[in-house]
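Subject: Structure handover and findings

Hello,

Here is the structure I promised. Please open it alongside this note, which goes through the findings one region at a time.

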Amino acid sequence: MFQTIRGTFDILPDGADSAGSPVPSTAAWLHAETVVREIMARYAFEEIRTPILEPLDLIARGVGGTTDIVQKEMFTVERSKETYVLRPEVTAPVMRAYLQHALAQRGGAQRLFYVGPCFRAERPQKGRYRQFHQFGTELLGSADPRADVDVIANLRAIYDAFGVTGTRLRLNSIGDAEDRPRYRDALRDYFAPHADVLSETSRTRLESNPLRILDTKVPAEIALLADAPVMADFLGSEAADHHGDVKELLASLDIPFFEDPLLVRGLDYYTRTVFELESDALGAQGALGAGGRYDGLAEAVGSKSPVPAVGYAAGFERLFIALAAQGIVPATADKPDAFIVALGEDAERVALSIAQSLRTNGRSVDFSLDGKSMKAQMKAADRSGAGLTLILGQDEITAGTVIVRDMKTREQTALQQADVPGALNARLQFDPAASKSGKA
Ligand code: AMP
């Protein structure tokens, strides 16, 4: 028997369990994606869909050579001497698309969003998978601090729409590219005398990318961070003004945040604003979503001129963890409008044609393919959750009728077979709740 690959999971109609974590039902995923799309529309973000496979170089350059993603988490595919990557994130692909199709020519800043799977060969654990599912925004072509605030407001609005509480928005500025070398030097000077305390990883990062030491989870290193120099003291005046504007605008929208001087991003192309939305529900699994400004990305992936841009990425799996922690039940699937029970071959044939005409009329209809006895079929009707059961026995076939049973009131009425679509439509329009289960 084959099994899903480690760190991946199936999404099933009734939901499932993956390595001890619940995976919500297909209906819950669809509902979550619908809510995300609704809020994206309010913020005038337009959906973009890029391929799962992207060139290795795009990801290596776009995500940054010193990141864990590029160094050890990429799923690569070799084909005709080319190496492709299953996308580990969508920002570099969206920037590729923006440049490839000259989307700037549409005029103004481009407000794009995406929903879809990403792939990273991380150690699987709760809230951390090898195939996971992101939604995110990319606002391309604006350096305005209002753009930063717009994507943060959008992120906030999405979790508000789901009713997620117990979150904190952490905010920092990591300055412009020209501000960072001075800060890197300051960090190197600060950590160098403590090199004996540093882990091997951090000693390597001291050379390659000392900002990443601020990300450490090692207690002895965390203790060192208390007195480490902070980026705020190294911001150039433009980056400092930008940061001030972002904070003021967030406050003006009553979006709570707190400044975290240790917040940096593992990705190299970030400039100025960085933020993360944390949740009490996640613990060690990190953030619900994270993002920032990445004015350096376009040139890193080959653009001749810079494209100021800001965005975030967030994970559906972690959203579901936060919802579960609050006892919020994800949406359940719509039930069929009607279930048809048929006894005997003649009845089965009539049942099939009634099902077809109802479906042509826009109704969803189920019937049993295996239940032979009336009792077994009525059980199946019950299980289906349909509001109405249509019953066809030999008597009904002879009379050209069908019995309509309301599954809630157990009331039964006989109708002429030809009248069924019209009668059902009238009934379902009058009382949609008779057939559909409500969304939680
Ligand atoms: P990142 O691109 O690493 O900043 O990730 C952005 C968001 O994607 C995170 O805040 C998570 O919600 C989600 N995410 C990233 N990696 C994983 C993963 N391996 N499994 C599940 N969700 C993830």
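First, a term: two strands pair if DSSP finds at least two bridges between them. Helices (H or I, at least four residues) and strands (E, at least two) are DSSP runs, numbered from the N terminus. The model is predicted: local features need pLDDT of at least 70, side-chain atom pairs count only at pLDDT 80 or more, and totals for chains, interfaces and linings use all residues. Residues are numbered from 1 along each chain as its sequence is written, and side-chain values use heavy atoms, with hydrogens and water left out.

Strand β5 (residues 76-79) pairs with β6 in the antiparallel sense, over 4 bridges. T76 sits opposite V85 of β6. The hairpin of β5 and β6 has 2 residues between the strands, and S80 there takes a positive phi near 45°. Strand β6 (residues 82-86) also runs antiparallel to strand β4 (residues 53-55), with 3 bridges joining them. Here P55 faces Y84 in β6.

**The open sheet**

What is the strand order in the open sheet of 8 strands? It reads β3-β7-β8-β13-β12-β11-β9-β10, and the pairing is mixed. The edges are β3 (46-47) and β10 (258-259), each of which pairs on one side only.

Strands β7 (residues 110-119) and β8 (residues 131-140) run antiparallel and are joined by 10 bridges. Q110 has L140 of β8 as its bridge partner.

Contact here means heavy atoms within 4.5 Å. Axes are lines fitted to C-alpha atoms, for helices over the stretch in contact, and angles run from 0 to 180 degrees between N-to-C directions.
- α9 touches β9 (167-173), β10, β11 (271-279) and β12 (289-293), and its direction makes about 160° with that of β9.
- Helix α11 (residues 316-325) touches β7, β8, β11 and β13 (309-315), and its direction makes about 105° with that of β8.

Now β11 itself. It pairs with β9 in the antiparallel sense over 7 bridges, and S173 stands opposite T273 of β11. With β12, the pairing of β11 is again antiparallel, over 5 bridges. E276 has A290 in β12 as its bridge partner.

How many of the 9 residues of β11 are buried? The count is 8, so β11 is largely enclosed by the rest of the structure. Buried means under 20% relative accessible area, exposed over 50%, and partly exposed in between (1.4 Å probe, protein chains only). In a regular strand, side chains alternate between the two faces of the sheet.

Helix α5 (residues 145-162) and helix α9 (residues 237-252) have axes that come within 9 Å and cross at roughly 45°. That makes α5 oblique to α9. For the angle classes, under 35 degrees counts as roughly parallel, over 145 as roughly antiparallel, 65 to 115 as roughly perpendicular and the rest as oblique. The α5 and α9 crossing is right-handed. A crossing is right-handed if the near helix is turned clockwise from the far one by less than a right angle, and left-handed if anticlockwise.

From α5, the contact is made by P145, R146, D148, V149 and I152; from α9, by H242, D245, V246, L249 and L250. These residues divide into 6 nonpolar, 1 polar and 3 charged. Ala, Val, Leu, Ile, Met, Phe, Trp, Tyr, Cys and Pro count as nonpolar, Asp, Glu, Lys and Arg as charged, and the others, Gly among them, as polar.

The axes of α2 and helix α4 (residues 91-100) also come within 9 Å, crossing at roughly 110°. The two are therefore roughly perpendicular to each other. This crossing of α2 and α4 is right-handed. L58, I59 and G62 of α2 meet A92, P93 and R96 of α4. That contact divides into 4 nonpolar, 1 polar and 1 charged.

**Two loop residues**

T67 lies in the loop between α2 (56-63) and α3 (68-72). Is T67 buried or exposed? T67 is buried, with a relative accessible area of 2%. Its C-alpha atom is 9.5 Å from that of R265, 198 residues apart along the chain.

E122 is in the loop between β7 and β8. It too is buried, at a relative accessible area of 12%. Not counting residues up to four places away in sequence, E122 touches E73, R128, Y129 and R130.

Best regards
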